[in-house]
Amino acid sequence: MRDFKPHINKTVESIPPSGIRRFFDIASEMEDVISLGVGEPDFVTPWPIRESCVYGLEKGYTSYTANRGMMELREEIAKAYRTRYGISYEPKTDCLVTVGVSEALDLAMRAILESGDEVLIPEPCYVSYQACAKLAGGVPVGVAARPENDFRITPEDLEPHVTSKTRALLIGYPNNPTGAIMGRSDLMKIAEFAEKHDLVVLSDEIYGDLTYGDEPHVCFAALPGMKDRTILLNGFSKAYAMTGWRVGYVLGNQDIIAAMTKIHQYTMLCAPVTAQIAAIEALKNCEDYKRKMVAEYDSRRRFIYDSFKKIGLQCFEPKGAFYIFPDITSTGYTSEQFCEELIRTEHVATVPGNAFGACGEGHIRCSYATGIDQIAEAMRRIEDFVKNHSKK
C-alpha cells in the first residue's frame, strides 16, 4: 500500500488522537466492563423532545433551515438568557445555531485567529480545546489551574503567559474534567484581566445547568462589560441528554457571529432541522425533566465523592458537570498506568488525567453519568484495586 502520509497536512499529523478514546476502545473489547469514562448522560432524551421530532418528521419538516438556525429557536435561546441571566441578545444577529458545541468552538477559533495568534487555555481542560486552536492556525498556551485552588484559574496564573501574540482566552466552567466551578468574584477578576489585555474570551458553558450547591452558575457574558468581548458557547447535549442530536449555539457580538456564520455556510450550512425542532421543545417545555436529571447527578456526585474519600484517595469535591478528578499519586502509578491496570484487573474504565493536559498527571477522570448501582460496583472494584495493586 502506498504511503500517503507526505500528503497529509502537517498540523493535522502533529495532533495526537484523543486520549479518551483509547480506553473506550479497550473497554469495547472486554466483557463485564463498567465505564466511568464516558462524558455522556445515561438518560434517554425526554419523551416530549423525542415526540416533537417524530411530529416534525410526520409533517415533512426535512428541509434546510436558515444558516443561522430556525428563528423560533434563536428567539427561545435569547429568551432563556434574558430570563436566567438578565442579558439581552438579538436573535437575528447575535445568535448562531451549530452542529453541537464542538462546531461552535471550531468556528470561533477560525473566525478570530490569525496564524500564530496565541490562545490562553486553563488546564486541565476538554481535549478539543488545544486541537481546535492548532487547526485554526493558532498556538494554544496551556496554563495550569492548581488543585490547591480547587482548579479555579486566576489572573496570577495567567499573567506570566501573556505575550504580544496573545489574542484570546478560552475558559470552560463548570469544568471538564475536574468538576470545578468559578464563582462571580473569581470570574470578575478574569474579566478585569481580559479587559486589561484586550482579549476575546471564549466561554464554554455547556455544563452551566449542571451546577450543584449554593453557588449558581455565573454566565461570563453577563458580567459588566463582558457581553461584546465574550463568545458564549452552549448547547443541549448535557443538560437535556441530547448528545446524539448534535445541536449547539453561539451568542456574541454580531460582527463575530457574522464571521462564524460565513464559515458555517461553507461547511455545515445549517444544523439538522429535526434537532432544532427538538431543541425548541426542550427550552419551552422540559425544564422539569432537566431539574430531575440534575438532582440525580447531584445524588451520584455526593456518593462517588464520599466513596473516594473512604478509599483514601485525595479528591477535590466537584461542584459542576458530572466528573470527579481524584488524585492517584499515593498508589505509585502514573495516570496511564493506573487506568491500564484498573481496566485490566478490575474491568473499570476511567480516563488518565494527562489526557486533559500535562498538569492532569497524577489524576484520573471518572464520570458519574451512569446508574448508581454501576457506580457503587465500580467503586467497590476500585477500592479492591487500590488495596491489592498499589505500588506503595
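Reader: Where should I begin with strand 3, and how many of its six residues are buried?

Author: In this predicted model, strand 3 is mostly covered, since six of its six residues count as buried. The general idea to keep in mind is that in a regular strand the side chains alternate between the two faces of the sheet. In the present case, Glu118, Leu120 and Pro122 point one way from strand 3, whereas Val119, Ile121 and Glu123 point the other way, and all of these are buried.

Reader: Which strand pairs with strand 3, and in which sense, parallel or antiparallel?

Author: Strand 3 pairs with strand 4 in the parallel sense, and the pairing runs over six bridges.

Reader: Which residues other than glycine have a positive phi?

Author: Arg246 is one of them, with a positive phi of about 55 degrees although it is not a glycine, and its setting is the loop between strand 7 (230-235) and strand 8 (248-251). Because its relative accessibility is 30%, Arg246 counts as partly exposed. His347 also has a positive phi, near 60 degrees, and is located in the loop between helix 12 (335-346) and strand 10 (348-349). With a relative accessible area of 22%, His347 is partly exposed.

Reader: How should I read helix 6, and which of its residues are buried?

Author: The general idea is that an α-helix has 3.6 residues a turn, so residues three or four places apart point the same way. In helix 6, which comprises residues 128-135, the buried residues are Ser128, Tyr129, Ala131, Cys132 and Ala133. The elements that cover these buried residues include helix 5 (100-112), strand 3 (118-123), strand 4 (139-144), strand 5 (166-172) and strand 6 (200-204). Just after helix 6, Gly137 takes a positive phi of about 90 degrees.

Reader: Is Gly37 buried or exposed, and why?

Author: Gly37 counts as buried because its relative accessibility is 0%, and the residue is placed in the loop between strand 1 (34-35) and helix 3 (47-58). For a sense of distance, the C-alpha atoms of Gly37 and Tyr129 are separated by 19 Å, while the two residues are 92 apart along the chain. His7, by contrast, counts as exposed because its relative accessibility is 56%, and His7 is found in the segment before helix 1 (10-14). Between His7 and Val200, which are 193 residues apart in sequence, the C-alpha to C-alpha separation is 34 Å.

Reader: In what order do the strands of the open sheet lie, and which are the edge strands?

Author: The open sheet is formed by three strands in the order 9-12-11, with antiparallel pairing. The edge strands are strand 9 (323-324) and strand 11 (351-352), each of which pairs on one side only. Strand 9 and strand 12, the latter made of residues 364-367, pair in the antiparallel sense over two bridges, and Ile324 has Cys366 as its bridge partner in strand 12.

Reader: How many helices and strands does the chain have, and why does its radius of gyration agree with a compact globule?

Author: The chain has 13 helices and twelve strands. Its radius of gyration is 21 Å, which agrees with the value near 21 Å that a compact globule of 392 residues would have. The C-alpha trace spans about 60 × 60 × 55 Å along its principal axes, and 55% of the 392 residues count as buried. Of the contacts between residues at least 6 apart in sequence, 76% join residues at least 24 apart.

Reader: What remains to be said about the surface and the charges?

Author: The accessible surface of the chain comes to about 17300 Å², and 49% of this belongs to carbon and sulfur atoms. The chain carries 44 positive and 54 negative side chains, with the centres of the two sets 2 Å apart.

Technical notes: Residues numbered from 1 in each chain as written. Predicted model: local features only at pLDDT ≥ 70, side-chain atom pairs only at ≥ 80, totals over all residues. Heavy atoms only, no water. Pairing = 2+ DSSP bridges. Helix = DSSP H or I, 4+ residues; strand = E, 2+ residues; numbered from the N terminus. Rg over C-alpha atoms; globule rule 2.2 N^0.38 Å. Buried < 20%, exposed > 50% of the residue type's maximum accessible area, 1.4 Å probe, protein only. Contact = heavy atoms within 4.5 Å. Areas by Shrake-Rupley, 256 points an atom, 1.4 Å probe, with all protein chains shown as cover. Lys, Arg positive; Asp, Glu negative; His and termini not counted. Charge placed at Lys NZ, Arg CZ, Asp CG, Glu CD.
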